[in-house]
Protein chains: 2
Amino acid sequence: MTPNTDNADKYRVKSLDHALDVVEALAHGGREGLAVTEVATTVGMSKSSAYSILQTLLRRGFVASQGTGPTRRYRLGLSFAYLGDQVTSQTGLREIAMPYLEELTRVAGLTSRLAIFDEGYAVAIGRIDGPGTIRIAPFLGRRELPHATAIGKAMLATLDDEEVRAIIGAIGLPARGPNTIVDIDTLLHDLHRTAERGYAIDDEEDTAGVVCIGASVLDRTGTCVGAISVTALKHEMRADSAAEIGALVRRYAGTITTELGGR
Amino acid sequence: MTPNTDNADKYRVKSLDHALDVVEALAHGGREGLAVTEVATTVGMSKSSAYSILQTLLRRGFVASQGTGPTRRYRLGLSFAYLGDQVTSQTGLREIAMPYLEELTRVAGLTSRLAIFDEGYAVAIGRIDGPGTIRIAPFLGRRELPHATAIGKAMLATLDDEEVRAIIGAIGLPARGPNTIVDIDTLLHDLHRTAERGYAIDDEEDTAGVVCIGASVLDRTGTCVGAISVTALKHEMRADSAAEIGALVRRYAGTITTELGGR
DNA sequence: AACCCCGTTTGGTGATACCGAACAAGACCT
DNA sequence: AGGTCTTGTTCGGTATCACCAAACGGGGTT
């Protein structure tokens with residue numbers, strides 16, 4: 001019996017793949033970390049294998065451990081903080097946009113975010129938390145659905161219909177919140193309105209009770225390189241203030257675009 | 001001939017170690033990325049090995065590639081942005097401190113940073129860039145010398161002399177800038193003044209032309225959990241304004257400490 | 001004091017990570 | 001345009017090593 005050598009297994013380094021499983025397990029392990037046995041069971045490998053991987057990562061600073069002996073726990077190390085900072089800086093967009101994002105958060109009084117396009121998905125690479133006590137989805141680097149977020153729709157609105165259809169064809173239109181757009185024609189209509197208006201609105205399309213308003217950022221060639229958005233709780237955002245906030249977000253996106261040499 | 005099985009090689013997963021070499025090479029590869037051959041030569045392995053590692057990392061989102069064929073280049077992927085955000089959030093300190101750091105940057109008009117202690121070194125986990133056009137050492141997650149930075153000295157000043165001697169014994173007092181303190185007794189004297197004053201001053205001790213002022217943050221048990229600092233160019237900071245800025249930094253550090261239940 | 005459960009260590013073996021060499025295809029120069 | 005060089009990609013063989021199972025030893029709890 002030839003073991004099913006899937007084509008997907010070509011050029012796959014198995015032990016590295018396992019180590020990445022360990023890393024992702026630790027990422028979800030939270031602040032207090034995971035014990036060796038916990039790591040081994042969650043990723044489905046033997047204790048001793050997990051131990052070797054952890055020791056290797058530990059020596060390189062990719063994981064940190066607290067305690068020793070029977071109470072030892074492992075969590076992700078600060079090397080990831082360094083590498084993550086390198087990645088989000090590498091686009092160059094962040095350095096330019098963040099000061100404006102801070103100003104936007106201060107003026108609007110709302111949490112604002114900066115995202116880029118990554119294979120059809122929206123990925124946040126910067127964020128400024130607002131004064132509100134409630135912190136909403138503060139994740140950087142995680143793929144978010146383009147059709148269900150203001151930041152994603154703002155970017156989609158800069159593309160023509162065919163490109164949008166290609167992206168949605170690959171990703172689909174999965175429902176996320178109460179008002180998620182699940183029909184391609186409705187989405188295209190929404191994107192046309194977004195383009196006219198200059199900003200996108202996510203009205204509980206991703207998360208119940210949360211509304212976002214976003215606008216796209218272009219480079220000197222006129223292509224979209226990212227988008228910014230502000231996030232608010234539904235009851236904080238009345239219908240009339242949506243237009244006000246929208247104009248604000250559109251203006252800051254335009255300023256960043258100008259800095260990049262666009263428009 | 002038994003190959004020298006160094007004790008350091010115990011519990012070392014060689015292929016994972018090689019993969020980490022690749023990751024670090026890509027981190028220094030900058031925005032434009034590295035080609036397969038470049039990766040192989042910089043880490044000292046064969047082209048095909050590097051290729052397999054890159055493909056494995058690629059499939060998991062840990063590296064991204066642009067182009068294909070003879071012009072293909074690899075750089076770190078957005079998974080690191082996600083994991084780095086997880087790490088810097090995990091301390092819990094950042095969520096509380098960042099809003100105050102933003103306010104400090106706005107009031108002082110200077111870049112400010114938040115750092116924690118990591119095995120004797122100071123490691124920044126948050127940063128707010130000031131309005132100045134010059135961006136100084138914006139790295140997060142990188143180990144910085146405790147005796148040559150305001151943020152490090154602020155944290156050292158909360159320890160007693162014996163603990164400081166232990167840390168410096170392990171790290172040493174390497175010179176970094178024109179005024180780096182290279183003598184343990186001078187350092188201890190500086191730390192005593194820092195403790196009295198409530199803030200630490202780095203006057204071109206790490207980088208020529210750059211001055212920093214920092215203050216420590218304590219938790220409810222009174223132990224130091226981190227520090228904040230502001231950074232300025234030497235010619236921006238006159239002697240009289242140093243005391244003014246120092247009082248400001250000390251006040252914000254105190255506010256964060258209070259939020260944590262300290263003092 | 002006996003038990004249990006954890007992290008750590010060890011040894012053996014089957015899988016596999018690594019390398020060298022070959023292939024294909026753009027880029028560059030003449 | 002043609003030739004050549006370099007690059008990314010593919011392939012096969014072998015010595016290496018990643019993986020597991022089982023044993024060890026020490027805290028904490030009963």
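Hi everyone, let me start with one residue: Glu95(B) is partly exposed, with a relative accessible area of 24%. In this talk, buried means under 20% relative accessible area, exposed means over 50%, and partly exposed is in between, using a 1.4 Å probe and protein chains only. Glu95(B) forms a salt bridge with Arg94(B), and their closest N and O atoms are 3.6 Å apart. Arg94(B), for its part, is buried, at 11%. By salt bridge I mean a side-chain nitrogen of Lys or Arg within 4 Å of a carboxyl oxygen of Asp or Glu.

A quick word on the ground rules. This is a predicted model, where local features need pLDDT of at least 70 and side-chain atom pairs count only at pLDDT 80 or more, while totals for chains, interfaces and linings use all residues. Residues are numbered from 1 along each chain as its sequence is written, chains are lettered from A and ligands numbered from 1 in the order in which they are written, and side-chain values use heavy atoms, with hydrogens and water left out.

Back to the salt bridges. How many does a search of the whole structure find over all chains? The count is 34. One of them joins Arg143(A) to Asp118(A), at 3.2 Å between the closest N and O atoms. Arg143(A) sits in strand E5 (residues 143-144) of chain A and Asp118(A) in strand E3 (residues 111-118) of chain A, so this pair ties together parts that are 25 residues apart in sequence. Helices (H or I, at least four residues) and strands (E, at least two) are DSSP runs, numbered from the N terminus. Asp118(A) is buried at 19%, whereas Arg143(A) is partly exposed at 40%.

Asp206(A) and Arg176(A) also meet in a salt bridge, 3.1 Å from N to O. Asp206(A) lies in the loop between strands E6 (200-203) and E7 (210-218) of chain A, and Arg176(A) in the loop between helices H7 (161-171) and H8 (184-197) of chain A, so the pair ties together parts 30 residues apart in sequence. With a relative accessibility of 18%, Asp206(A) counts as buried. There is a network too: salt bridges link Arg12(A), Asp17(A), Asp21(A), Glu24(A) and Arg60(B).

Arg12(A) takes us to the DNA. A backbone N or O atom of Arg12(A) is 3.3 Å from a phosphate oxygen of DNA strand C, and for Val36(A) the corresponding distance is 3.2 Å. Both are polar contacts, meaning a pair of N or O atoms within 3.5 Å; within protein, one must be able to donate a hydrogen and the other to accept it, and residues adjacent in sequence count only if both atoms are side-chain atoms. Which part of DNA strand C does the side chain of Ser48(B) approach? An N or O atom of that side chain is 2.8 Å from a base oxygen.

In total, 23 residues surround DNA strand C, and Lys14(A) and Ser49(B) are among the closest. Near here means a heavy atom within 4 Å.

Last stop, chain B. E6(B) and strand E7 (residues 210-218) pair in the antiparallel sense over four bridges; pairing takes at least two bridges found by DSSP. Ala200(B) stands opposite Gly214(B) in E7(B). In this hairpin, with six residues between the strands, Glu204(B) takes a positive phi near 55 degrees.
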